[in-house]
Amino acid sequence: MRLAQLVLRSFRNLVDDALEFPPEGVAVVGPNAQGKSNLLEAIYYLEVLRSFRGAPDRDLVRFGGDVFRLQGRVVTAENDAPFQGGRPERTVAAAWQRSGGRKKVTLDDVETERLGDGVGHVCAVLFTPADLALVDDGPHVRRRYLDIVLSLSEPGYMAALQRYRQVLSQRNAALKAGGHSPQTHAWEPLLVDAGSRVTVFRSRWIDTMAASFSRIHEEISGGTGARMTLDSGIPGLPEGQLELEGVSEALEVALREARDRDVRLGTTTVGPHRDELLLLLAPGEGAQDVRRFGSGGQRRSVALGLRLLEAETIRRRRGREPLLLMDDVFAELDEARSMRLLDLLHRTAVGQVILTAPRKAEIRFRQEGIERWGIRDGRILR
Ligand code: ATP
Ligand code: MG
């Protein structure tokens, strides 16, 4: 997929504009605080309909403004699988208004029924220095990573997850209000149904992609393998590849056995909302949790590996070459890792790339092949 055009209105410090992107991409170069990350934030907003920095929508409206609007025209690239329905291009737009606080998303000018229908149409993967948090922060960031990757690649995942969250909050409310009441237990079958689906989706993706993850990491790090596994929030799961039936049974039993504790604590203590995606270095004997034992560079390589894996998932599951958005990614890698990453990108990333750097010397990828734009005070200089 590639982004052909982006129309900006009152987004952050970016000057209103209609940007036409070359098919191979562009490097945006400018000093600090000019709007480089804001530009990538705008593009990625159209993919996931929220800020990658976790900013609330109201922060995205230009200071003093009332509404921001973003519109992207995405085009299927030559090497992409054809769109379902054979649509060669699509316009995605999102707008948010401070007064009323409403988000409106349209696909080809028709408002989507649910926000979820507007997600995933750009096929973008974003790399930022903040990705280090994927390794460093608590389990919730890795669950969110799984949720985004799976929502964008597995039909049915988002619906199962939303249902799970809904029922979970209802069971938790009942636990707080009524303790061991029939109402509390009445939520369990629904929780089992949605929760086991979420677990099976997650574990299948991890099983399918684990070898790629290890290979990618080996390439960036220059030889060290890495492994990812699901440390499930459901105790007593069967060994081996997980099937819906086995997971449902385990979750049903786990919920029943946790009832006393859950009532005491007023919250549900078992289930996929307690999952952890474990990231291990040097798999085999003596494998280490990278979060606890990895060096800065190792943790950064693993985080990069997760983003490259996200790109690989889009290629495999959706038959599209992802649009890569890279926010100053080479800044904190040592020379050897930078070179190996470059090498990997040269071989695998054949689609459009939009990257930013504070200095032109730091445009490492595609120095020759792409246009260079400047940016000053939110104005893109072509
Ligand atoms: P760096 O190289 O330091 O990462 P950058 O070019 O990526 O810089 P951005 O993060 O894009 O910079 O931010 C540029 C500026 O946008 C900041 O100085 C900030 O004050 C401004 N800004 C952020 N939100 C808004 C907003 N809602 N309205 C207007 N300006 C904003
Ligand atoms: Mg920035």
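How many bridges join β8 to strand β12, and in which sense do these strands run? Strand β8 and strand β12 (residues 323-327) are joined by 4 bridges and run parallel. Two strands are said to pair if DSSP finds at least two bridges between them, and helices (H or I, at least four residues) and strands (E, at least two) are DSSP runs, numbered from the N terminus.

The model is predicted: local features need pLDDT of at least 70, side-chain atom pairs count only at pLDDT 80 or more, and totals for chains, interfaces and linings use all residues. Residues are numbered from 1 along each chain as its sequence is written, chains are lettered from A and ligands numbered from 1 in the order in which they are written, and side-chain values use heavy atoms, with hydrogens and water left out.

- Ala124 belongs to strand β8 (residues 124-127).
- Ala124 is buried, with a relative accessible area of 0%; buried means under 20% relative accessible area, exposed over 50%, and partly exposed in between (1.4 Å probe, protein chains only).
- Both faces of β8 are covered, with Ala124 and Leu126 buried on one side and Val125 and Phe127 buried on the other.
- Not counting residues up to four places away in sequence, Ala124 touches Tyr44, Glu47, Ile314, Leu323 and Leu325, where contact means heavy atoms within 4.5 Å.
- Ala124 and Leu46 are 78 residues apart along the chain, yet 9.1 Å separates their C-alpha atoms.

**The open sheet**

- Strands of a sheet pair through backbone hydrogen bonds, either parallel or antiparallel.
- An open sheet is formed by 6 strands in the order β2-β1-β4-β5-β6-β7, with antiparallel pairing.
- At the edges stand β2 (17-20) and β7 (110-111), each of which pairs on one side only.
- Strand β1 (residues 2-9) pairs with strand β4 (residues 67-75) over 7 bridges in the antiparallel sense, and Leu8 stands opposite Leu70 in β4.
- The antiparallel pairing of β4 and β5 extends over 9 bridges, with Gln71 opposite Ala93 in β5.
- Strand β5 (residues 89-97) is joined by 6 bridges to strand β6 (residues 102-107), and the two run antiparallel.
- Lys104 in β6 is the bridge partner of Ala95.

**The site of ligand 1**

- There are 15 residues around ligand 1, of which Asn32, Ala33, Lys36, Ser37 and Val61 come nearest; a residue is near a molecule or strand if one of its heavy atoms lies within 4 Å of it.
- By class, this shell has 4 nonpolar, 6 polar and 5 charged residues; Ala, Val, Leu, Ile, Met, Phe, Trp, Tyr, Cys and Pro count as nonpolar, Asp, Glu, Lys and Arg as charged, and the others, Gly among them, as polar.
- Helix α1 (residues 36-48) supplies the largest share of the shell, 3 residues.
- A polar backbone atom of Ala33 is 2.7 Å from an oxygen atom of ligand 1.
- An N or O atom in the side chain of Ser37 is 2.8 Å from an oxygen atom of ligand 1.
- A nitrogen atom of ligand 1 lies 2.8 Å from a backbone N or O atom of Val61.
- Of the 670 Å² of accessible area that ligand 1 has on its own, the protein covers 73%; accessible areas come from the Shrake-Rupley method with a 1.4 Å probe, and for residues only the protein chains shown count as cover.

Conventions: Polar contact = N/O pair within 3.5 Å; in protein donor to acceptor, adjacent residues only side chain to side chain.
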